[in-house]
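Subject: Structure for your files

Hello,

The structure is below, followed by notes on what was found in it. Please read the notes with the sequence open beside you.

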Amino acid sequence: MSVNYGSKRVVVGAHYGFRDWLAQRVTAALMVLFTFVVLAQVLLTSGEIGYDKWAGIFSSQWMKALTFSIFIAFAYHVWVGVRDIWMDYVKPVGVRLVLQVFTMVWLVACLGWAIQVLWRL
Amino acid sequence: MTELAKKRPEFRNINALTDLPTYRLPAAGIVSILHRISGAIMFVLLPLIVWMFDTSVSSEISFAKFKSAFTVGIGFVPGIIVKLAALALIWAYLHHMIAGLRHLYMDMCHAVSKEFGKSSAVVTLVLSLGLTAALGAKLFGLY
């Protein structure tokens, strides 16, 4: 579907440019904050970090909930970014569709794995 | 066919093989394309990232396996390859994050002058490469 704005311009494409533009920035900011939350816990640990201390960071309930949210934000961020790469460089619709489906499967598979690791901790 | 639906002319003056190697990209342009490349690297290596998360937090035994992957290797992959992949991820993450923060700053402060574009791009490159060198030296046991 294309919408006409004015007499000459036909707006085509994904039609959710602003939503994704904003989501890309919000998810990015969340991931930067999360990086510092994890980094702070690593740096504030005294002594060498072994298994107990490292796994301990992710084992508290609030940290699991936060990490889970970041995984979702991450997946959405990567989806927007990789989709943009395909849209810029891959012009044949069929090839683009295949690559986009591959991206979704790749992302959802990795996301499922990461969530499984997190919640069995 | 309406006037609008007519095929618009396409101008493709850049040849990837003959033009790109000699194309003098400004610093902001280098940061921009590296932002995309670093993102693509992390996307491709995503299973490795989740694998590292899995083995490092799941159990004492898997943690030991995680550590030894960097020295003696894992399966048919030698340790040096694991280290190089980790180094690539370190750089990709740092560059992507710092270049992203530059974007956020520009969005929030309307910092869109030509001078700021160049200076912030240089800062991005220096910071990301410097931190990568520091963490990479640690990864390869230089200190």
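Chain A has an accessible surface of about 7500 Å², and 72% of this belongs to carbon and sulfur atoms. Accessible areas come from the Shrake-Rupley method with a 1.4 Å probe, and for residues only the protein chains shown count as cover.

Some ground rules. This is a predicted model, in which local features need pLDDT of at least 70 and side-chain atom pairs count only at pLDDT 80 or more, while totals for chains, interfaces and linings use all residues. Residues are numbered from 1 along each chain as its sequence is written, chains are lettered from A and ligands numbered from 1 in the order in which they are written, and side-chain values use heavy atoms, with hydrogens and water left out.

Chain A
Chain A has 4 helices and 2 strands, in the order β-β-α-α-α-α from the N terminus. Helices (H or I, at least four residues) and strands (E, at least two) are DSSP runs, numbered from the N terminus. Chain A has 121 residues, of which 33% count as buried; buried means under 20% relative accessible area, exposed over 50%, and partly exposed in between (1.4 Å probe, protein chains only).

Interface
Chain A and chain B bury about 2700 Å² between them, with 70% of it on carbon and sulfur atoms. On the chain A side, A:Y51, A:W106 and A:W113 lose the most area to chain B, together 24% of what that side buries. Buried area is the accessible area (1.4 Å probe) that two parts lose on being put together, summed over both. The contact (heavy atoms within 4.5 Å) takes 38 residues from chain A and 26 residues from chain B.

The interface of chain A and chain B has 3 salt bridges, a salt bridge being a side-chain nitrogen of Lys or Arg within 4 Å of a carboxyl oxygen of Asp or Glu. A:D88 and B:R36 are joined by a salt bridge at 2.8 Å, N to O.

Surface patch
A:Y89, in helix 3 (residues 61-89) of chain A, is exposed because its relative accessible area is 51%. A:Y89 belongs to a nonpolar surface patch of about 750 Å² with B:I14, B:L20, B:Y23, B:L25, B:I30, B:I33 and B:I37. Such patches are made of residues with over 30% relative accessible area and no salt bridge, nonpolar side chains (Val, Leu, Ile, Met, Phe, Trp, Tyr) being joined within 5 Å and like charges within 9 Å. Helix 1 (residues 27-44) of chain B gives the most to the nonpolar patch, 3 residues.

Regards
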